[in-house]
Amino acid sequence: MLSPSPHATPDREPAMNEFQLYNQIRAASMFADTFQRVQPVQGFLNPLEGFALFLLAAEGDGVGEVVEIGSFMGLSTCWLAAGSRSAGREKITAIDHFKGSPEHQKGGTHEIEAIVREGSTYQAFLNNLRGVGVHGWVQPIVAGSERAAADWKKPIRLLFIDGDHSYEASKKDFEVWSPHIVPNGLIAFHDVGPWEGVTRFYQELAQNAGGKWRECLAMQSLRVIQRIA
Ligand SMILES: C[S@@+](CC[C@H](N)C(=O)[O-])C[C@H]1O[C@@H](n2cnc3c(N)ncnc32)[C@H](O)[C@@H]1O
């Protein structure tokens, strides 16, 4: 039989309790496992941002749907779906017209072969979800953000905005989707910093959101705000 472990050596208090310690080790293991599975998926999200989405989908506050605007080939979708599934929570609604953003078109700054060849990333998106094994945890809506929002009725606990990165589109995405966010629900913006349009909109929002939203995470290019209950 194993002897009980001492909780601390006499000259050192533990920095975290055992529950927190084993949770961190579990989280590291889930990161490594998911990172390996999503590695073949082409996309615009670094692994730490992906894991932040995983944890928000698994542990984030509020009751409601998880919605993504801008799925591309499914990289962020896979991280969100893996997280929500690990905690037995909601499926992910993935919204994209799958025609690519302006920069993905022929001659654009981030020209994408599938867009130039087929005019869509939808087939690659479906193949990638199957490859990663999360296809049962994602409901795609093939439509533009504004069109999809016009038909949307359900409360949302986590919204990830990564569609058109222009100032006007970022503002529009926020305007049409934020009314659905539940108290304590979250909105995560991607590419704040590297992309001028999203960054300008986010800074404007941060200045005017007092009393309604608070920033709860700033990590790499992710900014997460929470609706004040
Ligand atoms: C930067 S990519 C998303 C990257 C993706 N989240 C990832 O993890 O790789 C932007 C995506 O937004 C989509 N998009 C652009 N404008 C949109 C709009 N108005 N409504 C919905 N999707 C849009 C594009 O088709 C493209 O797939």
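Let us begin with helix H5, residues 122-132, whose buried residues are Phe125, Leu126, Asn128, Leu129 and Val132. Buried means under 20% relative accessible area, exposed over 50%, and partly exposed in between, with a 1.4 Å probe and protein chains only. These residues lie on the same side of H5, because they cover an arc of only 165° around the axis, taken from the directions from the helix axis to the C-beta atoms. Helices (H or I, at least four residues) and strands (E, at least two) are DSSP runs, numbered from the N terminus.

This is a predicted model, in which local features need pLDDT of at least 70, side-chain atom pairs count only at pLDDT 80 or more, and totals for chains, interfaces and linings use all residues. Residues are numbered from 1 along each chain as its sequence is written, and side-chain values use heavy atoms, without hydrogens and water.

What covers the buried residues of H5? The cover includes helix H1 (18-38), helix H3 (75-86), strand S2 (92-96) and strand S3 (138-142), where contact means heavy atoms within 4.5 Å. After H5 comes Gly133, with a positive phi near 90°.

I turn now to the aromatic rings. Rings of Phe, Tyr and Trp (its six-membered ring) pair if their centres lie within 6.5 Å; planes under 30 degrees apart count as stacked, over 60 as edge-to-face and the rest as tilted. The count comes to 16 aromatic pairs. Phe31 and Phe35 form a stacked pair, 5.7 Å centre to centre with 5° between the planes. They are four residues apart in helix H1, and therefore separated by about one helical turn.
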